[in-house]
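Hi,

Here is the structure I promised to pass on. Have a look, and my notes on its salt bridges follow below.

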Amino acid sequence: MKAKVYFSRTITPEKVLELYKTLGKQLPGKVAIKLHSGETGNQNFLKPEFWKPVIDHIGGTVVECNTAYEGTRDTTEKHLKTMEEHGWSKYFEVDLLDAEGPDKELAIPKGRKIQKNFVGKNIEKYDSMLILSHFKGHPMGGFGGAIKQLSIGVASSYGKAYIHGVGDTEAFWTSDHDSFLESMADAASSVVEYFHGNAVYINVMKNMSVDCDCCAVAEDPCMKDIGILISEDPIAIDQACLDLVYAADDPGRDHLIERIESRNGVHTVEAAAELGFGSREYELVEVD
């Protein structure tokens, strides 16, 4: 069976919650809500007010992890301050998964490039996960969506460097590029396995810059907003977003496509599909 991906061209906080209810997946126990807290100075990340209805409905905890590069989120102290300044801790319970070591190590027995993944140990407090992704370009991955949130997003600061360096943290900026993309897919598979399918993925195609929300200085969005997607399949939802970008008649799409193709972004989806924790085959169900 093809994975179902629900899609609406209406982008509002209320529509996010409506689509979550339409999916009908109940997330059990204590829910970790993984999102991007936004680097200080970034103008494109999706703000707390946008996500508030669905987070309030679920009643989960907003979780993040520290970065592996210098900025306002690379230490627990700075990251918590940034989350406060951006309004996350004003509205929600917040948990930095890797606030304190040691990291939790997840095995990846079928990993093509890495056989282990390092995540914040606080992941052990949660029974399920809601992954809220802002779909846009990315300077290294080509694009960022659900798979990137599962991999780089959930990885600890050390784990991020481990994925980037394909197992060698010293090779953060110098590893083979396609191997890095495959490492992201490997890492994502371990998080999917950890939650035993108790996860839901929401991708929002809004403020689509070629740059990530991790960039303090990011390009402004280059194309019109497209919509909201939700699925139980992280591979299907990312593939659906890519397909919607390619199908768009917006003149700015070429700039985003150039970023995706110049970084071979689709290879992350290809590698993930080969690992079998989802499918590139999907049924897009449009909701008014």
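Which side chain meets Lys 25 in a salt bridge? The partner is Glu 232, at 3.6 Å from N to O. This pair links distant parts of the chain, 207 residues apart: Glu 232 sits in the loop between β11 (227–231) and α8 (234–247), and Lys 25 in the loop between α1 (13–23) and β2 (31–34). Glu 232 is partly exposed at 43% relative accessible area, while Lys 25 counts as buried at 17%.

Some ground rules. It's a predicted model, so local features need pLDDT of at least 70 and side-chain atom pairs pLDDT 80 or more, while totals for chains, interfaces and linings use all residues. Residues are numbered from 1 along each chain as its sequence is written, and side-chain values use heavy atoms, leaving out hydrogens and water.

As for terms, a salt bridge is a Lys or Arg side-chain nitrogen within 4 Å of an Asp or Glu carboxyl oxygen. Buried means under 20% relative accessible area, exposed over 50%, and partly exposed in between (1.4 Å probe, protein chains only). Helices (H or I, at least four residues) and strands (E, at least two) are DSSP runs numbered from the N terminus.

The salt bridge count comes to 16. Another one joins Arg 73 and Glu 39, with the closest N and O atoms 3.0 Å apart. Both ends are buried: Arg 73 has a relative accessible area of 3% and Glu 39 one of 4%. These two also belong to a salt-bridge network with Lys 34 and Glu 64.

Cheers
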